[in-house]
Amino acid sequence: MRTVLGRKNKIAVDKNKLNFTAIDFETANYDKTSACQIGIVVVENSEIVKTYSSYIRPSPNFFIPFFTELHNIDAKKVSGFPTFGDLWIEISEYLTDSKMLVAHNAVFDINVLSACCEKYGINYDLPDSFCT
């Protein structure tokens, strides 16, 4: 897996044939396994074809007030939601065929995805990623 930084690389693309999966995570604290929300958008031939969003019960399950102030997610909001490991079957439907993950601050989102997969024993080969 390699990450391409958008500001530093000029990538020639056919804007009518863009194929990628955009991801975004929020975390409860500084631990990369503390994902508390995920958003996914799948783009094929420059059209949005699938979207997914879910709260996640983080592990470790504690929220730093500063993080809650940023994203307005707290322990009460995620209390009835599954862990990342329990959500993987749903999440994987959006990620497994992707050849490119795109995210704003991709290093953060890819690290969260990798850490959560590792924590729950999920074998997922990360595709290349692009940072917006």
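The accessible surface of the protein comes to about 7,800 Å², and carbon and sulfur atoms account for 50% of that area. The model discussed here is a predicted one. Of the 132 residues in the protein, 39% are buried. The fold contains four helices and six strands, and reading along the sequence gives the pattern β-β-β-β-α-α-α-β-α-β. Among the contacts with a separation of 6 or more, 66% are between residues 24 or more positions apart.

Thr 21 counts as buried because its relative accessibility is 2%, under the 20% cut-off. The side chain of Thr 21 makes a polar contact with the side chain of Ser 98, at 3.0 Å. Leaving aside residues up to four places away in sequence, Thr 21 touches Ile 40, Val 41 and Val 42, as well as Tyr 94, Leu 95, Ser 98, Met 100, Leu 101 and Val 102.

The aromatic residues come next. A pair of aromatic rings is described by two quantities, the distance of the centres and the angle of the planes. The count for this protein comes to eight aromatic pairs. In one of these, the rings of Phe 25 and Phe 84 have their centres 6.5 Å apart and their planes at 45°, so the pair is tilted. This pair links distant parts of the chain, with Phe 25 in strand S2 and Phe 84 in helix H3 (residues 84–95), 59 residues apart. Both Phe 25 and Phe 84 are buried.

Trp 88 and Tyr 124 form another aromatic pair, with 5.4 Å centre to centre and 65° between the planes. The arrangement is edge-to-face because the angle of 65° is over the 60-degree cut-off. Trp 88 lies in helix H3, whereas Tyr 124 lies in the loop between helix H4 (106–119) and strand S6 (128–131), so the pair ties together parts that are 36 residues apart in sequence. Trp 88 is buried, with a relative accessible area of 13%, and Tyr 124 is buried with a relative accessible area of 13%.

Phe 66 belongs to helix H1, which covers residues 65–71. With a relative accessibility of 48%, Phe 66 counts as partly exposed, because this value falls between the 20% and 50% cut-offs.

Helix H2 covers residues 75–78, and Ala 75 is found in this helix. Ala 75 counts as partly exposed, at 39% relative accessibility. The C-alpha atoms of Ala 75 and Phe 62 are separated by 7.0 Å, while the two residues are 13 residues apart along the chain.

The backbone also has a few features worth a look. A cis peptide bond joins Ser 59 and Pro 60, with omega at about 5°. Pro 60 sits in the loop between strand S4 (47–55) and H1. Ser 46 is a residue other than glycine with a positive phi, near 65°. This serine is found in the loop between strand S3 (35–44) and S4, and Ser 46 counts as partly exposed at 28% relative accessibility.

Asn 72 likewise is a residue other than glycine with a positive phi, in this case near 60°. The loop between H1 and H2 holds Asn 72. Asn 72 is exposed because its relative accessible area, 53%, is over the 50% cut-off.

Key: Residues are numbered from 1 along each chain as its sequence is written. This is a predicted model: local features need pLDDT of at least 70, side-chain atom pairs count only at pLDDT 80 or more; totals for chains, interfaces and linings use all residues. Side-chain values use heavy atoms; hydrogens and water are left out. Helices (H or I, at least four residues) and strands (E, at least two) are DSSP runs, numbered from the N terminus. Buried means under 20% relative accessible area, exposed over 50%, partly exposed in between (1.4 Å probe, protein chains only). A polar contact is a pair of N or O atoms within 3.5 Å; within protein, one must be able to donate a hydrogen and the other to accept it, and residues adjacent in sequence count only if both atoms are side-chain atoms. Contact means heavy atoms within 4.5 Å. Rings of Phe, Tyr and Trp (its six-membered ring) pair if their centres lie within 6.5 Å; planes under 30 degrees apart count as stacked, over 60 as edge-to-face and the rest as tilted. Accessible areas come from the Shrake-Rupley method with a 1.4 Å probe; for residues, only the protein chains shown count as cover.
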